[in-house]
Amino acid sequence: MNFGQVITAMVTPFDQHGDIDFPATQQLIEHLIANGSDGLVVAGTTGESPTLTAEEKVELFQFTVHTVAGRIPVIAGTGSNNTRASISLTKQAEETGVDGIMLVTPYYNKPSQEGMFQHFQAIAASTSLPVMLYNIPGRSVVNLSPETIIRLSKIDNIVSVKEASGDLDAAAEIIEKTADTFSVYSGDDSLTIPMLSIGGTGIVSVSAHIIGNDMQDMITSFKTGDVKTAAAIHRRLLPTMKALFAAPNPSPVKAALTLTGVQVGGVRLPMIPLTEEETITLRKALPDVHSEAVTN
């Protein structure tokens, strides 16, 4: 399964009542497709999955699949720390016509490596869809070891991993010891070029909401051998990437979208909007890259 080189972990737009705003979601999807997104992750962490009900997630999957209409892959975030619940949601997601699923490492209950192996194995066995694993120890507390990822890669429909541990040595081991058909994506925007340099495929990005075309140019430059240009683009984009994570995700990227004219509403508690001071700081980080769109 080719998910592309820039996959955007899509925010979930909310209206003034805190409900999913589907007209705004349609506009966001069109914005992302027009601005460098090769694929979308729906109802991931950036989509505020912890605060979405299972029913909302399924409705969001259905709407996204309908809106995208086959133009790019749609990957449904169906992972949790409850294997049975993840299997149920994965089956419902498959019925909506999504192209793949993403499964985060089980958070809070801290399973062992063998427990995580069996968790992912059971969910993968419940679907014919391709599976992208998602290793993010900073949020989930547990780290999916390279050995476990390599073992899981031997399951036919586990085809990829979003590696957000920040450990390039671990990523290199995974790339070296898995089949060429198994893809490794950076889960950290600022590590896109380092991940590519050791054989990674691309990025599952938050920043692509704002700088997707620039990230495409950066990756394409690198892959075609123009490393100097890729590095220059990386350095230019880095302040924006950092600004988009200056407060807990997705509050900054939602604010940035609003500042650049893409209305996605606020966040659900326990996430909170940026303060006025944080918004001013964020605004200053946007013009260098996206000056033509930034509201004055």
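Guide: What follows is an account of helix 7 and then of two helix pairs. The model is predicted, so that local features need pLDDT of at least 70 and side-chain atom pairs count only at pLDDT 80 or more, while totals for chains, interfaces and linings use all residues. Residues are numbered from 1 along each chain as its sequence is written, and side-chain values use heavy atoms, with hydrogens and water left out.

Helix 7 spans residues 168–177, where helices (H or I, at least four residues) and strands (E, at least two) are DSSP runs numbered from the N terminus. In this helix Ala170, Ala171 and Ile174 are buried, buried being under 20% relative accessible area, exposed over 50% and partly exposed in between, with a 1.4 Å probe and protein chains only. These three lie on the same side of helix 7 because they cover an arc of only 100° around the axis, the arc being that of the directions from the helix axis to the C-beta atoms. On the other side of helix 7, Asp169 and Glu176 are exposed. The buried residues of helix 7 pack against helix 6 (146–152), strand 6 (158–163), strand 7 (183–186) and helix 8 (192–197), where contact means heavy atoms within 4.5 Å.

Turning to the pairs, the axes of helix 1 (residues 22–34) and helix 2 (residues 54–68) come within 10 Å and cross at roughly 50°; axes are lines fitted to C-alpha atoms, for helices over the stretch in contact, and angles run from 0 to 180 degrees between N-to-C directions. Helix 1 and helix 2 are therefore oblique to each other, given that angles under 35 degrees count as roughly parallel, over 145 as roughly antiparallel, 65 to 115 as roughly perpendicular and the rest as oblique. Residues of helix 1 including Phe22, Ile29 and Ile33 meet residues of helix 2, among them Leu60, Phe63 and Val68.

Helix 9 (residues 208–223) and helix 10 (residues 227–243) pack at an angle of about 150°, with their axes 8 Å apart, and are therefore roughly antiparallel to each other. Their contact is made by residues that include Ile211, Met215, Met218 and Phe222 of helix 9, and Val227, Ile233, Leu237 and Met241 of helix 10.
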